[in-house]
Amino acid sequence: MIALTRAHRLLTTAHLELTKRCNLHCYHCYVAGSGEELDADRWLRLVDELEMAGCLRVTLTGGEIGLRSDWLVIAERVKQRRMALSVLTNGTLLTATDIERLAGLRPLAVAVSIYGGSRDAHERVTGVPGSFDLSLATISALRGHDVPCRVSCTLMPDTFAEFRRIVDLASALDCEYMFDPTVVPRSDGNDSVVKYRLSADKVQEFFLDERIMGKSREGRAVRIPGDLPERVPGNCSAGITSVTVEANGDVLPCFGLRPSFGNIAVDSLNDLWHGAAAEEHRRRMGEPLEDCLQCDLKNLCSVRCPRLALAENGSLSARSSRACELAAINSDLRMSQSEMDSGGSL
């Protein structure tokens, strides 16, 4: 099925960035660019266009979606058009009425950003007093309505010090948890936030934690005994079966991955998805990853990102320096796990 959708360029997944505004001040945030926003009517028509394109899943995100008074109207249209709905939020602005309406839509998942297991730790990242309690209250209320929730966290030195507490907190809230091991450049290409990336030794320590190892792609690869299955490196689905629409209407393959296909304030999504810019992107994404094919660690490389490859090495088909670093960490992890399994010591 995946091969079929890729071969026929079927649009199955969309991320809609309703706003770039946010009420928090997270120092690592990747959101940047124009402050312009589409009005609700254009978002609603876009949802209709996504249904006509055969889209199956829509994620609403920001900035912080709660800053738009009409975000639930857009969410309701997604469900009316029989597409699965996911929501990304910091959880600080959702009212009891919002939560009840959202619960009635039966979303696939609501991801709430949490950066620490305590008020002080979380708010060191968000920069806003009171944000921790508000986020937790939203998660608790959503879970009270049986809405599937996920605690979402980017790994950085501050959050690494807290990740075990975050796992405990998620478990106490009856939530899933997900950690992103890579701080990415801002969506306008500014890489000043990359300085907050976690060092290789700390990433390795993170993935060696038993509760992380069982829930991550990297951890599962570490635990596979013997030789790993042969893997042919390839690009992801960005711009092939998935699309991102920024708040101002720019249509991108993925967040921060440019050039854009055009803008839906001017053209229809169908015209842009089948337009020259989109086809050129797919041609470039189809170029063989020659460097990766020759790499001894290709079977351990699970997070190669074309956006990072373009930013780091100038090409969608180039190596991603960060992916290479993580693959080397995975190799060390497998060796360490093998030694532990055989009774050796690290």
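Visitor: Which residues of H2 and H3 meet?

Guide: This is a predicted model. From H2 come Trp43, Leu44, Val47 and Asp48. From H3 come Val73, Ile74, Arg77 and Val78. By class, six residues of this contact are nonpolar, two are charged and none is polar.

Visitor: Why are H2 and H3 called roughly parallel?

Guide: Take the angle. The axes of H2 (residues 40-53) and H3 (residues 71-80) cross at roughly 15°. Angles under 35 degrees count as roughly parallel. H2 and H3 are therefore roughly parallel to each other. Their axes come within 9 Å, and the crossing is right-handed.

Visitor: What makes Thr12 buried?

Guide: Its relative accessibility is 16%. Buried means under 20%, so Thr12 counts as buried. Thr12 sits in the loop between H1 (2-7) and E1 (13-17).

Visitor: How do you know that the side chains of Thr12 and Thr13 make a polar contact?

Guide: The distance given for this pair is 3.4 Å. The cut-off is within 3.5 Å.

Visitor: Why is His28 called buried?

Guide: Same test. The relative accessible area of His28 is 9%, and buried means under 20%. His28 is therefore buried. Its place is in the loop between E1 and H2.

Visitor: What does His28 touch, not counting residues up to four places away in sequence?

Guide: His28 touches Tyr115, Val125, Thr154, Met156, Val183, Val193 and Tyr196.

Technical notes
Residues numbered from 1 in each chain as written. Predicted model: local features only at pLDDT ≥ 70, side-chain atom pairs only at ≥ 80, totals over all residues. Heavy atoms only, no water. Axes fitted to C-alpha atoms, helices over the stretch in contact; angles between N-to-C directions. Helix = DSSP H or I, 4+ residues; strand = E, 2+ residues; numbered from the N terminus. Parallel < 35°, antiparallel > 145°, perpendicular 65-115°, else oblique. Left-handed = near helix turned anticlockwise from the far one by under 90°. Contact = heavy atoms within 4.5 Å. Nonpolar A, V, L, I, M, F, W, Y, C, P; charged D, E, K, R; others polar. Buried < 20%, exposed > 50% of the residue type's maximum accessible area, 1.4 Å probe, protein only. Polar contact = N/O pair within 3.5 Å; in protein donor to acceptor, adjacent residues only side chain to side chain.
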